[in-house]
Amino acid sequence: MPIMNNVYRQRAAEKPLVTLDDYRAAGGYTALPKALADVEPDDLQYVFMRSGLRGRGGAGFPMGKKASFLPKDSKKAKYVVCNADESEPGTFKDRDIMAFNPFQLLEGITLAGYAIGAERGYIYIRGEYEHQARVLDDAVRQARAAGLLGEGILKSTLNFDITVYRGAGAYICGEETALLESLEGKRGQPRLKPPFPAVAGLYQSPTLINNVETLAALPPIVENGADWYAALGPEKSPGSKVFSISGHVMRPGNYEIVLGETTLRELIFVHAGGLRPGRRVKAVWVGGSSVPVLGEGHLDTPLDYESIQAAGSALGSGGCIVMDDSGCIVRASLRLATFYRHESCGKCSPCREGTTWLEKLLMRMIAGEARMEDLEMMETLFGRISGKTLCPLAEGAVAPIKSALNMFRDDFVRVVENGSPRPEPMMAGA
Amino acid sequence: MTADEIRAYLEPRRHEFADPRSLVMPALKYAQTTRGHLSREDLDAVAEATGFTPSFVESVASFYDRLYTQPVGNRVVSVCITLSCMLRGSDEVWDHLCEKEGIDHHHGGTSADGRITIQEAQCLGYCDKAPCIQVDADETLGPFTPDSAAALVDELRAAPDPEEYWR
Ligand SMILES: Cc1cc2nc3c(=O)[nH]c(=O)nc-3n(C[C@H](O)[C@H](O)[C@H](O)COP(=O)(O)O)c2cc1C
Ligand code: SF4
Ligand code: FES
């Protein structure tokens, strides 16, 4: 396996790398000294760019390119913000990177800070990850004591420190501008863009925001070179990615794969141990819940940004939820509608009311109280929500439900006619 | 909690933020650790310690699920009910716990003895341990069956309360 990235470094050591010594013994903190000694900040940005690393938080935007958007001549302070809000249903990869390999994340954030000329980084971590937040707090203390954070890092002129900031339970705070509002001590409601965070982010200062997995990929890239990373996987989707897989599979968990080399079928049936005997795949939400659903016919799709897009969905966060043919697609859609209704921040009425209506319609259907016209009403509703809101949360609510209605219309019709009793779940030990 | 206690907690953190408003959330989370929820006095103390108005502080607190402006039980049990957990039996766990504690199935709530609050949670990021449960902000546990979840609640009821309520 040519990867010494993200969680693999932890696997190689076969224990969590939560002490600085253990991280160093596993090859950690070689990238930062190398960069400080030999690489100018602008050249480091160029390394990020040439690696082809794309954002792992959902949108897949090229990381180096985003870093290059920060103004070079600004007199304002600059910031790196690490998005550790990880609340996308089905996604739990950042959790393990932080719990098992916290220093790789700190080293990555420090490299990003050096590249853009920032003096402080923030890790905005969801409040429910208090355990991981404490691991990070402890790692920050160790790194400071060893001169790897603070003033004059490794006797260079670099001053950089990291603050771990806890959220308090709100999915919307994963959206980058809502995150910034929350980090500024306000209600976590998205801002109008532009201006983009690269220009006016935290405290109106230029800010680079990246996901945990994105930033944790930087040390191996600096260590082994941009070409090494770019050579992994397909040209437009290079590198490795951690997929979180859950639902009706035998071995749910985090699996790191080289993009483009593994199909969805292999992820489910080889890595995750397949389904219960006699079951078939019914539906897969491959990139978290905010993406169009895929079906059994898509299982041979290679896992990379372009291929998944061509199949009609999106790689998103890599949170892959699998439902077998014991599940009901209408019930699953309702559960997602409830999620988005609950998490809508309420700022735009198409989102606030649209998600409430979606939930109501789907509830009526599973209760057997709906009429056929409700299916058309739902379709009209998609049009009233899509493209009419401030942030993409609402689009994330529409995508999985609209695609489910298209792909599994017969199931919806059947449920409208007969309702849908709660199926037997797959229980622990089954 | 008093404004002085909150100030003492914030002091070493103050230099980390260019704008003191960023201290409001850490202050709220800390103020919640004595009672397990934010009373009127707690909100006023946060306002005094951070220098923002009580109404601003309250508007922030009301936005976040894990800041409680109403009293809750000694232990808060969050049952994840989002898709991956549903597929693995979270509804069965939820129903069983609500029944056992005599709590409304639709909204959750607090047991009659005031010890246990059962609430629905959205994806806790432990879908590989589905169906999973988080007690306060302790590390999330799973997978549960209805019976093992009931046993967890019994254990919580018997155990001494934590010294600080991090939720
Ligand atoms: C509703 C919503 C929730 C989001 N949640 C997260 C999240 O939990 N973690 C994350 O990294 N990005 C999340 N994002 C994406 C961020 O807005 C942003 O694109 C990302 O942090 C950029 O980092 P990246 O380029 O490294 O992916 C979310 C976006 C939306 C619209
Ligand atoms: S789309 Fe929804 S979550 Fe996003 S800003 Fe509007 S109301 Fe809030
Ligand atoms: S769906 Fe329950 S933890 Fe993710």
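View 1. Of the 167 residues of chain B, 59% count as buried, where buried means under 20% relative accessible area, exposed means over 50% and partly exposed lies in between, with a 1.4 Å probe and protein chains only. This is a predicted model in which local features need pLDDT of at least 70 and side-chain atom pairs count only at pLDDT 80 or more, whereas totals for chains, interfaces and linings use all residues. Residues are numbered from 1 along each chain as its sequence is written, chains are lettered from A and ligands numbered from 1 in the order in which they are written, and side-chain values use heavy atoms, with hydrogens and water left out. Chain B holds seven helices and four strands, these being DSSP runs numbered from the N terminus (helices H or I of at least four residues, strands E of at least two), and from the N terminus on their order is α-α-α-α-β-α-α-β-β-β-α. The C-alpha trace of chain B spans about 45 × 30 × 25 Å along its principal axes. Among the contacts in chain B with a separation of 6 or more, 66% come from residues 24 or more positions apart, a contact being heavy atoms within 4.5 Å.

**View 2. Helix α3 of chain B and its packing partners.** In helix α3 (residues 40-50) of chain B, the buried residues are D42(B), L43(B), A45(B), V46(B), A47(B), A49(B) and T50(B). These buried residues pack against α1 (3-10), α2 and α4 of chain B. After α3(B) comes G51(B), which has a positive phi near 85 degrees.

**View 3. T140(B) in a loop of chain B.** T140(B) is found between β4 (133-135) and α7 (146-158) of chain B, and T140(B) counts as buried because its relative accessibility is 4%. When neighbours within four places in sequence are left aside, T140(B) is in contact with L124(B), Y126(B), C132(B), I133(B) and Q134(B).

**View 4. A salt-bridge network in chain B.** The side chains of D113(B) and R157(B) meet in a salt bridge with an N to O distance of 2.8 Å, the term standing for a side-chain nitrogen of Lys or Arg within 4 Å of a carboxyl oxygen of Asp or Glu. D113(B) lies in the loop between β2 (109-110) and β3 (116-121) of chain B and R157(B) in helix α7 of chain B, so the pair ties together parts that are 44 residues apart in sequence. D113(B), at 44% relative accessibility, counts as partly exposed, and R157(B), at 26%, also counts as partly exposed. Both residues belong to a network of salt bridges that links K100(B), E101(B), D113(B), D154(B) and R157(B).

**View 5. The interface of chain B and chain A.** The contact takes 47 residues from chain B and 63 residues from chain A. Between them the two chains bury about 4,500 Å², 57% of it on carbon and sulfur atoms, buried area being the accessible area (1.4 Å probe) that two parts lose on being put together, summed over both. In chain B, F63(B), L87(B) and R88(B) lose the most area to chain A, together 17% of what that side buries. Four salt bridges are found across the interface of chain B and chain A; D95(B) forms a salt bridge with R422(A), and the closest N and O atoms are 2.9 Å apart.

**View 6. Ligand 1 and residues of chain A around it.** Of the 19 residues around ligand 1, G57(A), N83(A), N210(A), N211(A) and T214(A) come nearest, a residue being near if one of its heavy atoms lies within 4 Å of the molecule or strand. An oxygen atom of ligand 1 is 2.9 Å from an N or O atom in the side chain of N83(A). A backbone N or O atom of E86(A) lies 3.1 Å from an oxygen atom of ligand 1, and a polar backbone atom of E176(A) is 3.0 Å from an oxygen atom of ligand 1.

View 7. The side chains of R409(A) and E379(A) meet in a salt bridge at 2.8 Å, N to O. R409(A) counts as partly exposed at 29% relative accessibility, and E379(A) counts as partly exposed at 31%.

Terms used: A polar contact is a pair of N or O atoms within 3.5 Å; within protein, one must be able to donate a hydrogen and the other to accept it, and residues adjacent in sequence count only if both atoms are side-chain atoms.
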